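User: I'm new to reading protein models and want to know where the labels come from. Can we go through this one together?

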Amino acid sequence: MYDYKNLIVDKLEKGICIVTFNRPKVLNVFNEDTLNEFSDVLDKIGNDKKIKVVVLLSACEKAFTAGADIKEMVKMDKEEGKCFSELGQSIARKIEKIPQPVIIGINGYALGGGVEFACACDIRIATDKSRFSQPEIDIGVIPGWGGTQRLSRIVGIAKAKEMIYTGMRIDAHEAFEIGLVNHIVPANKLKEAVLTLALTMASKGRKALFSAKKTINKLYESFIDEGLKFEVDKWTEIFGTHDRKEGMNAFLEGRHPKFKDK
Ligand code: CAA
């Protein structure tokens, strides 16, 4: 039932389920196959009455993820780009909509879509080696998996704008200061720290735990979909530009992009 190519799913006792992203050789970049598997596992977890808390981890020492797969994106036309944005957005929404709280453990890089998925999780735990950024601007686009909507809510509009407009990278300490992560732990203690927290949460009553998630998310439930739709529209518009092609090609060719504002 939980058999995937790019994910490892471990159901532990006491209602904890660990999903580990397992494409270390490519820094866990999210290609379409991995996104489809992630989407599928969230559907199954959401319907699994035995699971009370979900944990996301990476099997890659260097990164939780380097974000969306630019090698795939560079070949996409506008319509395909739109579908790719909608797919990523729908997954972030599933993280929010499944009844179980989701804790993400981040070691190394969490870039682009990595921050976007992390922001949809309930609790984020980093290590002293974690690095975060929304680097889309450097490849000629904007965040397209909900980053324009969720990051601002978590760290405040000023910091989110600075991160998204500049692509700046921040370390775990700054991420903690701005409220992007709940805790920082040593890299070799990440799994232990995340599981300790998961166990504490799993020891509570299911109904109260699930209601707490649903009720807190209600804070922005009524307008998140409108913001996400606007993001897809803007992303799709930008996907048709010269600068998007130039930005993605420049990254893959290891050079600085030459943006022409068109
Ligand atoms: N997609 C595809 N390939 C990627 C990638 C990505 N997102 N990130 C890294 N890679 C590839 C590199 O092209 C390189 O491939 P080759 O070995 O074939 O040359 C390999 O992974 C290793 O990368 P680097 O040589 O760059 O390794 P590094 O240690 O010097 O740097 C890094 C690592 C800091 C993660 C750097 O690769 C990087 O900055 N990646 C950023 C990618 C990025 O911009 N991600 C955001 C994408 S857009 C998105 O996620 C949001 C969305 O809303 C859809």
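User: What should I know about the model itself?

Analyst: It's a predicted model: local features need pLDDT of at least 70, side-chain atom pairs count only at pLDDT 80 or more, and totals for chains, interfaces and linings use all residues. Residues are numbered from 1 along each chain as its sequence is written, and side-chain values use heavy atoms, leaving out hydrogens and water.

User: What makes aspartate 43 partly exposed?

Analyst: Buried means under 20% relative accessible area, exposed over 50%, and partly exposed in between (1.4 Å probe, protein chains only). Aspartate 43 has 36%, so it is partly exposed. You'll find aspartate 43 in helix H1 (residues 32-46). Its C-alpha atom is 9.6 Å from that of isoleucine 91, 48 residues apart along the chain.

User: How many of the residues count as buried?

Analyst: Of the 262 residues, 53% do. In helix H5 (residues 147-155), the buried ones are Gly147, Gln149, Arg150, Leu151, Ser152 and Val155. They pack against helices H3 (78-97), H4 (113-120), H6 (157-166) and H9 (206-239). Just after H5, glycine 156 takes a positive phi of about 95 degrees.

User: What makes a set of residues a nonpolar core?

Analyst: The members must be buried Ala, Val, Leu, Ile, Met, Phe, Trp, Tyr and Cys residues joined through side-chain atoms within 4.5 Å. The largest such core has 58 residues, and Phe38, Met73, Phe132 and Leu180 have the most contacts inside it. A second, separate core of 17 residues includes Val55, Ile103, Ile123 and Ala198.

User: Which residues does phenylalanine 38 touch, not counting those up to four places away in sequence?

Analyst: With contact meaning heavy atoms within 4.5 Å, phenylalanine 38 touches Leu7, Phe21, Phe30, Leu56, Ile91, Ile95 and Phe117. Across the protein, residues 24 or more positions apart account for 74% of the contacts with a separation of 6 or more.

Terms used:
Helix = DSSP H or I, 4+ residues; strand = E, 2+ residues; numbered from the N terminus.
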